[in-house]
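Let's take a friendly walk through a protein model, one feature at a time. Keep the picture open beside you as you read.

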Amino acid sequence: MSAFDWVTQLLYVAAATCFVFGLHLMNSPASARRGNQVSTAGMAIAVIATLILLIHDGSVTGVGWTVLIVGALLGSVAGLYSARTVQMTAMPQLVSMFNAVGGGAAALVAVYEYIHDESAPGGVLGTTSVFTVLDVIIGSVTFTGSLIAAGKLQGLITGQPIIFCGGQVVNAALAVIALGTGAFMFTTASLPALLILVLASLAFGVMMVLPIGGADMPVVISLLNAFTGTAVAMAGFVIGNWALIIAGALVGASGSILTKLMADAMNRSLRNIMIGGFGTGDSAPAVAGPGGDVRSVAADDAAIQLAYASKVIIVPGFGLAAAQAQHAVAELASLLESRGIEVSYAIHPVAGRMPGHMNVLLAEANVPYDEVFELEDINAEFPTADVAFVIGANDVTNPAAKTDPTSAIYGMPILDVEKARTVLFVKRGMAAGYAGVDNPLCYNDNTLMLFGDARQSVTKLLTALRGN
């Protein structure tokens, strides 16, 4: 290996080091911004090293450079536009699209390398054939699976589980075709086999995500993110790039760990989620409750409950995200704190539509990090709270998860909001939540229902509190 090659590889190692430290810094909200900056620096180093390598090798022609430059410009413009215009409520869809792009790009790298190897004398594949096949399979599944997930989140495809007779048989057949074709490609170079592999993998990605309900989307997004990282790592092996191998392995490993943690947070196995999830109840008609009447209150009465409390725990859910109420909630919390009321936030691992969704929204509203607590850290505090202020967090506060063995969410750890002296529940109506399961919490004697859009309701609370 020449001195130039050593320098190039060292630059890739430096980039990978930045990725490792960047990921480590993202463990804490306080250092997450710095982690993003360090990771961005690593990506810049990797891109620059690649460009230098291409210039040195002279393997890219004038047309090739035109394609690279145009592609980089288009990607940069699309990324900048997305970063500046996409609402925080649409971030899960954007993450799914990023997963699709990453998986698709990795698969294309493997497809190109396979065609290139096949054109070599004798048409004999190189030592990267195993990685090539795995890259095509994982990347293709990630591409179509992420597009379906984004469509479900955006409402272009129903969030309800789409299940049809023989679906599991079709999935099994597609998996057998993909694996069998892949095994064949290990020994014989064949473009038709490559085409079959790609088509079977793309179809499997669609069929894998269609049966998954909206309530399981956070886990699915995390899983697809892990797939993307794994596909990128395989692409790194295909082209011999250390930075891609390390970065992909980091994303794949962290995504897999996060997927396991989120599945545990729902007390559901990954196998059950993939076979067929539950949801979506957002737009469903009201479901008959367990009996009893709900206690509906006006904003003025709800404001009195907050004004005379000494400790308030705010529980944000997708209702907050959909209404973009995070800034109004942060303003309300500041007003309460200015009156000497203790305020904290309780975050369930699967609240929202993607991992960390609520944390991201609260960070955007400049909520102090030390006021935000995860389920295992905050649950013991609810019995000491005067008010548990639940904003659209229907499924993650549902006591049926602990009391009703027939419930679809039975066994899922929930936030114990019902133990607070008073539960103030902001909800659009009595329809079931995203999991399509009715919430008995709404009928408890200590629950007050404030019906309406989350942002409008919180704004009314602010007005009422300022008038007191």
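Predicted model: local features only at pLDDT ≥ 70, side-chain atom pairs only at ≥ 80, totals over all residues.

Asp386 forms a salt bridge with Arg421, and the closest N and O atoms are 3.6 Å apart. Asp386 sits in the loop between α15 (375-378) and β4 (387-391), while Arg421 sits in the loop between α16 (400-403) and β5 (422-427), so the pair ties together parts that are 35 residues apart in sequence.

Is Asp386 buried or exposed? Its relative accessibility is 12%, so Asp386 counts as buried, because buried means under 20%.

Now look at Glu418, which forms a salt bridge with Lys402; here the closest N and O atoms are 2.6 Å apart. This pair links distant parts of the chain, with Glu418 in the loop between α16 and β5 and Lys402 in helix α16, 16 residues apart. Glu418 counts as buried at 18% relative accessibility, whereas Lys402 counts as partly exposed at 39%.

For the model, the count comes to six salt bridges.

## Helix α13 and its partner

Another salt bridge joins Glu331 and Arg466, with the closest N and O atoms 2.3 Å apart. Glu331 lies in helix α13 and Arg466 in helix α17 (residues 454-467), so this pair ties together parts that are 135 residues apart in sequence. Both ends are partly exposed: Glu331 has a relative accessibility of 37%, and Arg466 has a relative accessible area of 49%.

You can check the length of helix α13 (residues 326-338) yourself. The buried residues of α13 are Gln326, Ala328, Val329, Ala330, Leu332, Ala333, Leu335 and Leu336.

## Backbone turns to look for

Most residues other than glycine have a negative phi. Where does Gln324 lie? Gln324 is in the loop between α12 (318-323) and α13, and it has a positive phi of about 55 degrees although it is not a glycine. Gln324 counts as partly exposed, with 31% relative accessibility. Just after α13, Gly340 takes a positive phi of about 85 degrees.

Asn366 is not a glycine either, yet its phi is positive, at about 60 degrees. You will find Asn366 in the loop between α14 (357-364) and β3 (372-374). At 67% relative accessibility, Asn366 counts as exposed.

## Two helices side by side

Finally, turn to helix α1 (residues 3-25) and helix α2 (residues 29-57). These helices pack at an angle of about 165 degrees, and their axes are 7 Å apart. That angle makes α1 roughly antiparallel to α2, because angles over 145 degrees count as roughly antiparallel.

The crossing of α1 past α2 is left-handed. What classes of residue make up the contact of α1 with α2? It has 17 nonpolar, eight polar and one charged residues.

Key:
Residues numbered from 1 in each chain as written. Heavy atoms only, no water. Axes fitted to C-alpha atoms, helices over the stretch in contact; angles between N-to-C directions. Helix = DSSP H or I, 4+ residues; strand = E, 2+ residues; numbered from the N terminus. Parallel < 35°, antiparallel > 145°, perpendicular 65-115°, else oblique. Left-handed = near helix turned anticlockwise from the far one by under 90°. Nonpolar A, V, L, I, M, F, W, Y, C, P; charged D, E, K, R; others polar. Buried < 20%, exposed > 50% of the residue type's maximum accessible area, 1.4 Å probe, protein only. Salt bridge = Lys/Arg side-chain N within 4 Å of Asp/Glu carboxyl O.
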